[in-house]
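This report concerns the pockets of one protein model and the ligand placed in it. Please consult the sequence and the structure shown here while reading.

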Amino acid sequence: MKIGYRIATGTDESQIRALLEQAQLPTESLGTNVTEFFVAEQDGAIVGAAGFEYYGDDALLRSLAIQANQRNLGLGSSLVDWMLSRAIELRIKRIVLLTDTACKFFQKRGFQVVSRSFITNDAMKKSSEFASVCPASSTTMILNLT
Ligand SMILES: CC(C)(COP(=O)(O)OP(=O)(O)OC[C@H]1O[C@@H](n2cnc3c(N)ncnc32)[C@H](O)[C@@H]1OP(=O)(O)O)[C@@H](O)C(=O)NCCC(=O)NCCS
């Protein structure tokens with residue numbers, strides 16, 4: 001079945017929230033203006049989501065989740081690829097993320113593990129992901145787009 005990728009709208013919020021809850025990911029800043037969400041959609045149902053928070057030249061990738069019964073079919077990779085092409089269009093130079101669970105998934109897609117102190121973008125460091133949601137033990141990863 002065909003999968004479509006698009007920028008989320010306000011009416012997608014409850015489906016995105018359900019997806020993140022199912023994946024045991026935080027939902028605190030959903031519904032704020034901080035994050036631009038993207039969704040993967042199949043037959044009108046949202047089967048994947050992830051967000052970007054923009055901080056100057058950098059974007060923080062967060063809340064990537066694929067519906068449990070649709071994993072390992074390439075959807076997560078395709079959604080990330082789609083988001084990266086959008087980031088390139090927006091002239092974002094670097095993608096940053098924090099993860100407890102998906103380090104290998106992102107390594108396969110070119111992200112590199114760095115020390116958290118490597119991130120010097122002050123606005124990003126004040127984000128809820130850095131400041132409160134993700135513990136110090138989370139893995140920090142970056143992907144340079146230039
Ligand atoms: C991580 C996640 C988004 C991957 O989506 P997906 O659609 O299953 O991924 P794909 O099918 O594109 O890629 C699957 C590949 O990633 C690997 N993979 C999937 N989940 C993984 C994980 N948590 N850790 C490491 N590798 C993982 C698979 O083994 C597979 O490897 P292959 O490329 O060698 O075949 C999905 O498993 C998920 O929603 N997990 C729960 C939420 C989560 O942990 N999100 C990350 C928060 S930063």
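## Basis of the values

The model is predicted, with local features requiring pLDDT of at least 70 and side-chain atom pairs counting only at pLDDT 80 or more, while totals for chains, interfaces and linings use all residues. Residues are numbered from 1 along each chain as its sequence is written, and side-chain values use heavy atoms, with hydrogens and water left out.

## The largest pocket

The largest pocket has a volume of about 690 Å³. A pocket here is an open set of points on a 1 Å grid over the protein atoms alone, where a 1.4 Å probe fits and protein lies on both sides within 12 Å along at least five of seven lines; lining residues have an atom within 4 Å of a point. Grid points are joined across faces, edges and corners, and the volume is the space filled by probe spheres set on them.

Two or more lining residues come from each of β4 (58-66), α2 (75-89), β5 (94-99), α3 (103-108) and α5 (128-133). The helices (H or I, at least four residues) and strands (E, at least two) are DSSP runs numbered from the N terminus. With 6 residues, β4 gives the most to this lining. By class, the lining comprises 16 nonpolar, 10 polar and 4 charged residues, where Ala, Val, Leu, Ile, Met, Phe, Trp, Tyr, Cys and Pro count as nonpolar, Asp, Glu, Lys and Arg as charged, and the others, Gly among them, as polar.

## The second largest pocket

The second largest pocket holds about 180 Å³ of space. Its lining has 13 residues, with Ala8, Thr9, Gly31, Thr35 and Phe37 nearest the centre. The elements giving two or more of them are α1 (13-22) and β2 (35-42), and β2 provides the largest share, 3 residues. The lining contains 4 nonpolar, 6 polar and 3 charged residues.

## The ligand and its shell

The ligand takes the space of the largest pocket, on the criterion that more than half of its atoms lie within 2 Å of the grid points. Around the ligand are 20 residues, of which Asn72, Gly74, Ser77, Thr101 and Lys108 come nearest; a residue is counted if one of its heavy atoms lies within 4 Å. At least two residues of this shell come from each of β4, α2 and α3, and α3 gives the most, with 4 residues. The shell divides into 10 nonpolar, 6 polar and 4 charged residues.

Polar contacts are pairs of N or O atoms within 3.5 Å. A polar side-chain atom of Thr101 is 2.6 Å from an oxygen atom of the ligand. Polar backbone atoms also take part: that of Asn72 lies 2.7 Å from a ligand oxygen atom, and that of Leu73 lies 3.2 Å from a ligand oxygen atom. Taken alone, the ligand exposes 880 Å², of which the protein buries 72%, with accessible areas from the Shrake-Rupley method and a 1.4 Å probe.

Terms used:
A polar contact is a pair of N or O atoms within 3.5 Å; within protein, one must be able to donate a hydrogen and the other to accept it, and residues adjacent in sequence count only if both atoms are side-chain atoms.
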